[in-house]
Structures are given as C-alpha cells and as structure tokens.
Amino acid sequence: MANLLWLQGGACSGNTMSFLNAEEPSACDLVTDFGINILWHPSLGLELGENLQKLLNALTSGQMPLDIFVFEGTVVNAPKGTGEWNRFAGRPMKDWVSDLAKVASYTVAIGDCATWGGIPATAPNPSESQGLQFLKRQHGGYLGAAYKSKAGLPVINVPGCPAHPDWITQIVVAVATGRGADLSLDEFQRPKTFFTSFTQTGCTRNMHFAYKVSATEYGQRKGCLFYDLGCRGPMTHSPCNRILWNRQSSKTRAGMPCMGCTEPEFPFFDLAPGTVFKTQTLMGVPKDLPQGVDKSGYIKLTAAAKAASPAWAENDIFVV
C-alpha cells in the first residue's frame, strides 16, 4: 500500500475538483483497486487541528513513510519570504512543503500553479508565489533545481488549469505501482506520454487549419481558431484532443481557443482588453507560430493553402 498526502497552497481548488472527477481511473479506484492510502486531502481529509499536526509530524519525522507527496497551488512566500500569508497546521505552508518533500519517495506537482506558478506568479506577483521546481520557465522554483525525491526523480510536473483528471490519477497509479522509473520526463519535467504531442493533435478543426479557413466567432463549428481568435493549440503540448474532457469534448472542439495552460508562460498576455482571445500579429503574421515553422515558411504555406481551399471547407459540415 502506498501512502499519499495531498496539500494545497495558493490555489483555487480547481485541480482538486478535476481530480475528484477522474474516471480512468477514478479517485475511488485509487483506493479500492490500486491500494493507495490517501492519508489526507483538502476535500477528503478527516483530521483537523492537533490530529492533523500529529499526522504531518509523523511523516516529516520518518515515523510514517510518505510514498507520494502531491502538491496543488503555488508556494506562497509573502510577505518578505516568510510565507505567513499561507499558514497551515500551525506554520507556514512552505515549511511543510520543504520538510515533506525531503521524505517523499515521489513529489508530484498538480496544475499550473504548483508546476510554474501560474496566474498567482504573474507579475507583479504580490504573493511571491513559486512553483515547486520552476518559476515560469526558470528552473529552480521553491525546492531548487537540484531537488530530487527519495526515488531519484525531480518533481513530476502535471500542468494545466486545471490538469485533466485522468492525467493526475494515471501518474499517481504509475508511481504507486512501482513504475515511476519508467516515466520519461521532458525538459519541464512533464511526463512525455502526455506532453509530447500538441493540443492540435486530434483537433477536429485540423482540416480548417490546413486550408487556412478561420473561425470568426466563439462556438462556431467551422473554421480554425488559430488565425484570428488566439488559439494556441499548434504551440501547446497537451493531449486535450487525444484524452477528451468528460469523454466528450475539448475546448477547441467546443469552439473556444486553447489558452496554452500547460506551458510555463501561461497566462501569456498581460490580460489587457483585446489581447487574450485575439491572435497577436505583426504585418499579418502571427507573433507565435507553430513549433518548427518560420515566418517565411508560414507565409508560403498559408498562401498556398488559402488558394487551394475547397468550397466545402467554408461550410459547416457537422450539420446534417
């Protein structure tokens, strides 16, 4: 049986809500089928006050083994590095994070805030937030670049705002069943099995992308959302169109742009009016191009694609 502890720092609880909606496997399956002992979770834990402190102290002292330490939300350091803005069980949460990470066999960061700081760490970052081992693209974060868990792995980052529920439970099962050594991580410590392909992979709008037929409004079933509506699907590493949300859909399938929430820069813009859901261009060319495509190649490709676009590409072919 593997002991799992889940704590939450500076967060909205979105990843907890996502986790509780997991299906393959579900949160209940973790306990009944995979023998995971969930010691405490912000929405499931029963211990309070002194009883919770006793549990945490038993883990940090080594009296009780901690196999999987899951952290959701940012590590809050404000004010002035003290962490007093986020106290938990009698002390700053950041101090619990330091002590628990030292004794954990595996440390898993769930969601954008825990991985690279997410929205709370966006400038001016008044809460002095950090991810566990990154601050945006900068390697290090709260635990430092050299950190490794007792199993010899760095923090396993499962980003997203929120992370897909099945990404969470499948990674937890992998490490709980002794297959942690099989995990292959990318440069941002994301499991490659989920984060090598792009959000665009499997998108039902790929033919519109290929012919440069643009969607003109949200919810529209025809057209690609990349050219005008700020979609970051071609540049974002995620399996959102391979492992569908609620087994049904994804943002792009529903007619909303991908916002790139599995990448360290998220949120990408300064949130000024007109910048979030609008493709930023320079001389008619998107500032951010699909990975591996240069400006001259993009101009040639889109000119040829537009010229070759068949009439049906402008129709809503999903209407019968």
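Among contacts in the protein (heavy atoms within 4.5 Å) between residues at least 6 apart in sequence, 69% join residues at least 24 apart. The model is predicted: local features need pLDDT of at least 70, side-chain atom pairs count only at pLDDT 80 or more, and totals for chains, interfaces and linings use all residues. Residues are numbered from 1 along each chain as its sequence is written, and side-chain values use heavy atoms, with hydrogens and water left out.

The protein has nine helices and 13 strands. These are DSSP runs numbered from the N terminus, helices being H or I of at least four residues and strands E of at least two. The radius of gyration, taken over C-alpha atoms, is 21 Å, close to the 20 Å that the globule rule gives for 320 residues, so the protein is as compact as a globular protein of that length. The rule is 2.2 Å times the number of residues to the power 0.38. Along its principal axes the C-alpha trace spans about 70 × 45 × 30 Å. Of the 320 residues, 50% count as buried. Buried means under 20% relative accessible area, exposed over 50%, and partly exposed in between, with a 1.4 Å probe and protein chains only.

A nonpolar core is a set of buried Ala, Val, Leu, Ile, Met, Phe, Trp, Tyr and Cys residues joined through side-chain atoms within 4.5 Å. The largest one holds 28 residues, of which L5, L7, F69, F71, F88 and L100 touch the most other members. At least two residues each come from β1 (2–8), β2 (36–40), α3 (49–60), β3 (66–72), α4 (93–103) and β7 (104–110). Helix α4 gives the most, with six residues. Another core, of 27 residues, lies apart from it and includes A27, L30, Y106 and I171.

T16 lies in helix α1 (residues 14–20). T16 is buried, with a relative accessible area of 1%. Beyond its neighbours within four places in sequence, T16 is in contact with W6, Q8, H41, S43 and E72.

Some backbone geometry stands out. Most residues other than glycine have a negative phi, and most peptide bonds are trans. The peptide bond from E24 to P25 is cis, with omega near -5°. The bond from A78 to P79 is also cis, with omega near -5°. S13 has a positive phi, near 75°, and is partly exposed at 24% relative accessible area. M283 also has a positive phi, of about 55°. M283 is exposed, at 77% relative accessibility.
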